[in-house]
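Thanks, everyone. Let me put the model on the screen and walk through a few spots in it.

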Amino acid sequence: MSDEKSFKSPFYQSAPELPNSWAASGALRRAVRARVSDEQWLVFSEELQAFAQTLLDSVESLGQKAEREIPSLVSFDPWGRRIDEIQMSTAWKELDQFAAREGLVATGYERKYGAQSRILQFAKLALFHPASAFYTCPLAMTDGAARVIELHGTPEMKAGVFKKLTSRDPDEFWTAGQWMTERAGGSDVSQTAVVARFEAGAWRLYGDKWFTSATTSQTALVLARVEQSTQTSNQVSSDTEEEKGSGLALFQVELRDSRGKLQGLQVNRLKDKLGTKALPTAEMTLNGAVGVMIGAPGEGIKKTASLLNVTRLYNSVCCIGAMARGLQMSTAYSLERRAFGRLIADQPLHAETMASVRSRAAAATELVFHAIELLGKEECGQASKDEVAQLRILTPLVKLYTAKEAISNASETIESFGGAGYIENTGVARLLRDAQVFPIWEGTTNVLSLDALRAIGKNNALQPLIADLLNRMKGVPSSLPKARIERRISALAHHARKKATVSVDLQATSAREFALALAETVAGVLLLERAVTDELSGLAASRFIGLIGEWIALEDDIGAMDLASVKKLALASF
Ligand code: MFK
């Protein structure tokens, strides 16, 4: 018999160990530190350190359990009755209770720390996201719904459902869904076909929704088209019927009765998605579900926009949370894994690669917290008119930019693990599948680029943003690589002035590259600002600015072409 040992490699790789994510995330710590007072920093940093430890000790395993025990739909009971039960891992419920106890939504509305409450809340969300099996999705919808109700809800909603959405008591806490997307449109929601009829003293909704994510929630905000004949006299749309979006209204729907059974709703199937596997995303039919209107007919998209402007920042904070997780995993691995006679961490080219990845993540983190700071100020009535305009344009910019960065970061994380990164149960592969939802969820890159154009054209938001960037640059010494960023600011401003004079279609053709370049430039400015007092930020700023290079619009460079050629190339059969 042969000696078994002689056929076995003695080498086994240990799994990379996760650190306390607050202690390990210098970019997050710097972004928070720069935006809060000394006293707040003492409180926040202690709370975030303890929060991250709890995540490591007990929430991480809940997230993993929820990922293993994915949702299933039981449509009928054994006797043939329709029950539409979405069965969830018990871990999902525990994540819900944890989120309530920690005030992951409540913190933003209690405003205990004034405008900085959003900073504490979003720092927690950045840490929670990678441990949460995407429980951040229902929380995003809940926060967005709370904001809509706070701004536009009826007095009953403010006294009732709002309190539940912002409760810290797990028995009281409600999450909300946001049901907008239909078969005909996830981006163009003006095609909404779900109708609202006023029947027996209440609005009842009928029709299909194609993507409903937070289906275990107790309530949802639903976009529906008010049937002309049932519009009440004081709720007549200001739009003419020909106008898109006409007659659309937003409704708050309570999904379940007191026994927890769905009311006026049918679950058609759960989606088989690329990632976000623990999240119960469903196709639903509304069969007369009762809704309470928020605002008036014709205001549906506008009211939904208040929700989207919050959920888009959730999307962004999830991106930086996911990026930090990727970096923590690949760093831990590189400090254990040896190749060619030394640790990967000591390989010059690996270190070069990760220095770039880390600098990009630091830039994205600064960008997200800049927008969060403005959101907090706006909600507390402390934002100037110019800051409100900046938040309007930064929201789509931050969302579209961080989503793309999260994908590239996840891809690099996987690559840094080699073959192990491509294996599902190492937990690394999931980072990429999950990241791919970021540029889709809450608006694609193109939709958001066009939203940024709308913010420029309609809200005149570019001018205050550029003025703010130039002002920030005044405090940056020339020992830092500021000249390139200054050139980018002026090239972008010039491009926007030139574009203001052309047709909407021609404006659209460069909207994406413009938006990405503008987001990158804002991130560069913020990193440079941080670099004034912090050496590591100086290194990150130099690397980041080196990576992004100069900016010349493609239409002024090699590759410029007219719209007809663009279409020809886009549809070419080669
Ligand atoms: C983690 C989860 C994973 C599960 C898988 C999920 C997969 C994804 C499933 C999905 O489908 S996600 C849904 C993605 N869809 C969106 O996020 C919506 C994308 N579309 C947009 O954002 C459009 O720009 C929008 C619907 C908001 C508006 O398009 P329209 O129909 O052209 O409307 P219009 O006329 O531009 O705007 C109507 C009003 O709203 C205007 O105000 P006025 O009535 O005063 O003129 C706009 O200024 C205002 N508005 C629009 N966007 C705004 C805004 N106001 C403030 N902020 C904004 N962002």
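Start with Glu379. Setting aside neighbours within four places in sequence, Glu379 is in contact (heavy atoms within 4.5 Å) with Gly108, Arg111, Arg118 and Arg147. Glu379 sits in helix 11, residues 348-379. Helices here are DSSP runs of H or I, at least four residues, numbered from the N terminus. Is Glu379 buried or exposed? Glu379 counts as buried, at 10% relative accessibility. Buried means under 20% relative accessible area, with a 1.4 Å probe and protein chains only.

Some ground rules. This is a predicted model: local features need pLDDT of at least 70, side-chain atom pairs count only at pLDDT 80 or more, and totals for chains, interfaces and linings use all residues. Residues are numbered from 1 along each chain as its sequence is written, and side-chain values use heavy atoms, with hydrogens and water left out.

The axes of helix 6 (residues 117-128) and helix 7 (residues 136-152) come within 11 Å and cross at roughly 155°. Axes are lines fitted to C-alpha atoms, for helices over the stretch in contact, and angles run from 0 to 180 degrees between N-to-C directions. So helix 6 and helix 7 are roughly antiparallel, a label for angles over 145 degrees. Helix 6 passes helix 7 in a left-handed crossing. Left-handed means the near helix is turned anticlockwise from the far one by less than a right angle; right-handed means clockwise. Who makes the contact? Helix 6 brings Arg118, Gln121, Leu125 and Phe128, and helix 7 brings Thr136, Leu139 and Asp143.

Look at Asp143 in helix 7. Asp143 is buried, at 0% relative accessible area. Beyond four places in sequence, Asp143 is in contact with Val105, Tyr109, Arg118, Gln121, Val310 and Tyr314. Leu139, on the same terms, is in contact with Ala99, Leu104, Val105, Leu125, Phe128, Phe173 and Tyr314.

A second pair now. Helix 2 (residues 26-33) and helix 3 (residues 38-68) have axes that come within 10 Å and cross at roughly 150°. Helix 2 and helix 3 are therefore roughly antiparallel too. Their crossing is right-handed. Arg29, Val32 and Arg33 of helix 2 meet Asp38, Trp41, Phe44 and Gln49 of helix 3.

On to the core. A nonpolar core is a set of buried Ala, Val, Leu, Ile, Met, Phe, Trp, Tyr and Cys residues joined through side-chain atoms within 4.5 Å. Which residues have the most contacts inside the largest one? Val32, Phe128, Leu139, Phe369 and Phe438 do, in a core of 142 residues. Helix 10 (residues 300-334) gives the most to this core, with 14 residues. At least three residues come from each of domain 1 (176-298) and domain 2 (445-563). Those bounds come from an automatic or database domain assignment. Apart from this core lies another, of 22 residues, including Val194, Trp203, Leu205 and Met293. The C-alpha centres of domain 1 and domain 2 lie 38 Å apart.

Last stop, Phe438. Phe438 is in the loop between helix 13 (429-435) and helix 14 (445-459). Phe438 is buried, at 1% relative accessible area. Not counting residues up to four places away in sequence, Phe438 touches His129, Phe134, Asn315, Cys318, Cys319, Ala322, Lys399, Ala403 and Ala406. Glu415 is 23 residues away along the chain, and its C-alpha is separated from that of Phe438 by 20 Å.

Definitions and conventions:
Helices (H or I, at least four residues) and strands (E, at least two) are DSSP runs, numbered from the N terminus. Buried means under 20% relative accessible area, exposed over 50%, partly exposed in between (1.4 Å probe, protein chains only). Angles under 35 degrees count as roughly parallel, over 145 as roughly antiparallel, 65 to 115 as roughly perpendicular and the rest as oblique.
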